[in-house]
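Look over the structure below. The report then takes its parts one at a time.

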Amino acid sequence: MSATLPLPSPVAVSAAQPSRSYWAVVWRQLRRDPMALAAGGVLLLIIAAAVFAPWLAPADPYKASMIKRLLPIGSSGFLLGTDELGRDLLTRLMYGGRLSLLMGVVPVLAAFGIGTAIGLFAGYVGGKVNMVIMRVLDVFYAFPSVLLAVAISGALGPGLSNSLIALTLVFVPQVVRVAESVTIQVRQLDYIEAARMSGASAFSIIRVHVLGNVLGPVFVYATGLLSVSMILASGLSFLGLGVKPPEPEWGLMLNTLRSAIYSNPWVAALPGLLIFVTSIAFNLLADSVRSAMDIRR
Amino acid sequence: MFAYILKRLIYAIPIALSVTVVSFILVYLAPGDPLSAIAPADAPEEVIIALRSAYGLDQPVPVQYGLWLMRAVQGDLGLSIATGREVTSEVMRAVGNTLLLAGFAALIGVIAGCLFGALAGYRHGSWIDRIATALSVIGVSIPHYWLGLVLTILFSIWRPWFPAMGAGPGGSSEWLWDLEHFRYLVLPAVTLSVIPMGIITRTVRALVADMLGQEFVSALRARGLSGVAVFRHVAKNTAPTVLAVAGLQIGYLMGGSILVETVFAWPGTGFLLNTAIFQRDIPLLQGTILVLCMFFVVLNLLVDILQPMIDPRMGRA
Amino acid sequence: MNPCKLKISKWLLALPLAFSLHTELHAETVARYGISMADIPLTTGQPDRGAGAYQFTGHTLYDPLIAWEANVGTRPGKLIPGLATEWKVDAKDQKKWVFTLRKGVKFHDDSEFNADSVIWNLDKVLADKAAQFDAKQSAQVRPRVPSIDSYRKLGDYSVEITTKEIDALFPYQLPWFLISSPAQWEKLGKDWNKVASQPSGTGPFKLDKLVPRERADLVKNTAYWDKTRLAKTDRIVLVPIPDAMTRANALLNGQVDIIETPPPDVLPQLKASGFKLVQNVTPHVWPYHFSTYPGSPWTDIRVRKAANLAIDRDAVVQLMSGLASPAKGQVDASSPWFGKPTFKLGYDLAAARKLMAEAGYSQAKPLKAKIIIAQGGTGQMLSLPMNEFVQQSLAEVGIDVSFEVVELENLYRHWRAGAKGDINASKNITAINLGYVTADPFYAITRFTDSKYVAPNGVNWGGYNNPKVDAALEKIRTTFDTKTQDGLLAFVHQSMVDDAQMLWVVHDVNPHALSPKVKEFVQAQHWFQDLTTIRM
């Protein structure tokens, strides 16, 4: 599993605070990037389908009907066919997107929040405190991420919330590392030193001066984690460690539809294909964001 | 150099210890009484007493950890709840199989990754570059257990070229280095290799493109240095990073092969983990995770030690 | 020489070697059997992993005193002599059973089978203080032979077993009790873990090789005492492939010759590729076994009945591509023990909702319950999709079910512990979904209904207690006439159904898929199968 993003190359830190115009430039850059537009478009579509599933979906995601099981794509009334319990696959895929995206995005968001906070704190305070925090986190680095996720959800037992906890724990140390390294670079800059001399409180220095500089690189890093998180999460569900039936989730659907691969290959392939497409879109968008934000260099 | 190695070694010790702590704590993460996590529900009194004293469950937690660690260091990881067999022997057998799979996958990944990456870097912006980049994005984006299913259908059912499951016709204990056995390795290893392939392609591409863009390379070229010489120069400078990335990848693959092993019924650690989880076999889970992580720690250490040795930029002290 | 070339030449050397090995083995007939378990069941005598495991490492390596006839497929089997040639109940004291043992039988290690070996084996699983006591084997078999009280040797080839009460059905418990070699255990340093890889029984196969979790090789025992049951294949290789899809792929790919429980959706592909599907009437039921202890949501009979009326069983059969039949009770309606229950199992949503409303629940205000189920495995059919369907059906009438999904052997542990057992109670598990063998009166009915067998004394999992049933069971025990027995059993079964003791869904047909290379395989109407009938 691709839970192994390389750490970002030493992040460029500008002396000036990022201004509103910087983000405007980034945004303009992104809008001009066809890859970003395509990936963003696909993602928006998938997200919208998931979010608005209760209003858009043509059927009930749980209503089973054995006489209609495993209908092929394009059957009348079932645009994408039906699953092994005769449930409308399009509906299941739309609802499935909710949990799959949730499991992909929530751990990254949580890790982004928690990791940035810890990283900022460690980097800003520095010294022994920093060392202790970073050494403790090094331990988590000693675990291959899939193994860590599997170990935690294995011991806690299967379930959505346990998977979320496991995945968050996997990503936090990585985010902390990025946040800490940037904070240390920023801290040494002259104007921060000046602010500190002038008696500004640590909190306000962090909030006003450091945070702005740190958020960018951490944000870039976190976007790169989205696809990793998606794939890891669906993998957990595939193993039976994530979402429990009958909740629709792409990884779980991929598993239960496997046996239809001979009788109805396209229907069986769809959940996997969706994970794949979403994950590619996340990756391409992350690449575009990274290069768009690089303009500062 | 020696001092550096020593420093890395010393640094690895607390990490290794902490790994043991995390593995130990799994017993407490498991819901319910810790004893129920390590003893079969129908265990007779003697077994329960033996386990209680082995883990020292009436003692304070640090003492319990100490007791457990002492045994673990001596190679005693306890007995599996489900089978009653020694965890150590179960895990070691599985580790061998996983190492075979992960090593071979990493090999494919590194070779393909270096090839694609170098080509893409050399022909930056060309169609080769685009294809290689696309492949690398696909590699890191594809849910590889799904890829495994698709490959099985294509190359072991539709075109029955490779076996669909297992580690050799006689099981892993009769593994031989011949063509017949090798066929069993192909599909799972290829499936597993797409991730390192993707990541290494990206890394090499960026490094090579960066290197070729630098002024001194153009200077070398301008001085009429042959392509081979330039290539050698580039290779020398990218090797350390590639080694570091590749080393980590083997570690990640060893931990990450759980899904592929499940799909291909490959009798490695992933298969063992999966069974351990659903049997709620905590000693087995503990042991497998501990051994895998130790591998990872050692691998990291090796990379840390080897990397500066082959890095021309670092002075050979 | 360059190292690369050296390696290639090594390969070239290895190739003909591999071929020559292959020709040497050519004379031996081999059947490779993909089994649905995650591991080879225990080989020391009493297999773990449920009834389905007896056909693999139970009745292949070992023999019971009284056997079950499993080499006929055209009619239900019956009890037949095994290592005991004769068994009789003592006319004066009907608690005492005398077994006459077979003479001239030898274990695989060449030691003699006699009365001492029987006593030694009974001690092995029932006497905790005996040196040879093995907790693991004991845990497996103790609930299967709950009637045994004491035993003694009468002569070199005669043994007496005393039951706790008079129990006419006692012989039905004995096919589950297998005899392993005391001499082998002595020889291997009294270590059961060592016996596991070199076991010795009297059965039609010997264990040649055991690779845990990967493979077990059974080779024909040419000196087997029952010449009518000599193995028709020299070697049977058992390969655990827990994932149904992988199992089917291995068959399609030619890596194995037989698989059990092929995924129903792959059947068309299997048939199109020339594979055979074998199935038979199988005494088996796939139920939800309810806990009726105080605090369980299933204590109210209206809820239990509503659950039974909420399932469209024909739909489940469809889900199984026809590899199942709808359940009307614990046993099939054609069974002499079925009786005339007044409560008719069927699909009647309106009636189910009405019952739930009377009990105080509705779709808007559902009753919550947690059920433990298996990931899959022998006898569990399509565990996840079927459970999902049942879950959905129950939701329609206002029962909100959540699942605890575990591996099969772990499920058996939860089963033997009973609903009151800590592992179930602590997680609030109030029903268990486990395929049950219903081949004989004891297995189909008695063990689940007698209040004496409330777990952990037996597998009356949910604490079913019906004085009228207990009284009838008491009578069955003291009735040695089969006709009267059948009548009483019918009464008990009828009460089970009327009390809606379980939610019965479907009966399995125990499907097997065979490659065209398999010439013969007799599928018995039981969960016990006779692997000696496989001919390549």
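## Chain B: a chain of helices

Chain B has 13 helices and zero strands. Read along the sequence, its pattern is α-α-α-α-α-α-α-α-α-α-α-α-α. Keep in mind that this is a predicted model.

The C-alpha trace of chain B spans about 80 × 55 × 35 Å along its principal axes. Chain B has 317 residues, and 47% of them count as buried. Now take the contacts in chain B between residues at least 6 apart in sequence. Of these, 72% join residues at least 24 apart.

## Two helices that cross

Helix 7 and helix 8 of chain B are worth a look as a pair. Their axes come within 9 Å and cross at roughly 145 degrees. Helix 7 of chain B passes helix 8 of chain B in a right-handed crossing.

Which residues meet there? On the helix 7 side of chain B they are B:His144, B:Leu147, B:Gly148, B:Leu151, B:Thr152, B:Phe155 and B:Ser156. On the helix 8 side of chain B they are B:Leu187, B:Pro188, B:Val190, B:Thr191, B:Leu192, B:Val194 and B:Ile195. The residues of this contact divide into nine nonpolar, five polar and no charged.

## A buried leucine

B:Leu207 sits in helix 8 of chain B. Is B:Leu207 buried or exposed? B:Leu207 counts as buried, because 21 C-beta neighbours lie inside 10 Å. The cut-off for buried is 20 or more.

Leave aside residues up to four places away in sequence. B:Leu207 then touches B:Gly121, B:Thr238 and B:Thr241. B:Leu207 and B:Ala235 are 28 residues apart in sequence. In space they are 9.8 Å apart, C-alpha to C-alpha.

## Where chain B meets chain A

How many residues of chain B are in contact with chain A? The count is 42 residues of chain B, in contact with 35 residues of chain A. Several elements of chain B give two or more residues to this side: helix 1 (2–29), helix 6 (127–141), helix 7, helix 8, helix 10 (227–256), helix 11 (258–264), helix 12 and helix 13 (282–310). The largest share, eight residues, comes from helix 10 of chain B.

By class, the side of chain B that touches chain A has 31 nonpolar, eleven polar and no charged residues.

## Where chain B meets chain C

Chain B also touches chain C. Here 34 residues of chain B are in contact with 35 residues of chain C. Helix 7 (144–158), helix 8 (179–213) and helix 12 (269–278) of chain B each supply at least two residues of this side. Helix 7 of chain B gives the most, with three residues.

The side of chain B that touches chain C divides into 17 nonpolar, twelve polar and five charged residues.

## An open sheet in chain C

In chain C, seven strands form an open sheet in the order 10-11-12-1-13-22-14. The pairing is mixed. Strand 10 (205–211) and strand 14 (276–278) of chain C stand at the edges. Each has a single partner strand, so one side of each is left without a neighbour in the sheet. The twist averages 20 degrees from one strand to the next.

Look at one pair in chain C. Strand 13 (residues 258–260) and strand 22 (residues 512–514) of chain C pair in the antiparallel sense over three bridges. C:Ile258 has C:Leu514 in strand 22 of chain C as its bridge partner.

## A helix and a loop in chain C

Helix 3 (residues 115–126) of chain C has twelve residues. At 1.5 Å a residue it should span 16 Å, and its end C-alpha atoms are 16 Å apart, which agrees. Its buried residues are C:Ser117, C:Val118, C:Trp120, C:Asn121, C:Leu122, C:Lys124 and C:Val125. They pack against strand 6 (96–101), helix 4 (135–141), strand 7 (148–155), strand 8 (158–163), strand 9 (178–179) and helix 5 (182–187) of chain C.

C:Asp93 lies in the loop between strand 5 (84–89) and strand 6 of chain C. C:Asp93 is exposed, because 10 other C-beta atoms lie within 10 Å. The cut-off for exposed is 12 or fewer. C:Asp93 and C:Thr162 are 69 residues apart in sequence and 9.4 Å apart in space, C-alpha to C-alpha.

Note on methods
Residues numbered from 1 in each chain as written. Chains lettered and ligands numbered in written order. Predicted model: local features only at pLDDT ≥ 70, side-chain atom pairs only at ≥ 80, totals over all residues. Contact = placed C-beta atoms within 7 Å. Helix = DSSP H or I, 4+ residues; strand = E, 2+ residues; numbered from the N terminus. Nonpolar A, V, L, I, M, F, W, Y, C, P; charged D, E, K, R; others polar. Axes fitted to C-alpha atoms, helices over the stretch in contact; angles between N-to-C directions. Left-handed = near helix turned anticlockwise from the far one by under 90°. Pairing = 2+ DSSP bridges. Expected span 1.5 Å × (residues − 1).
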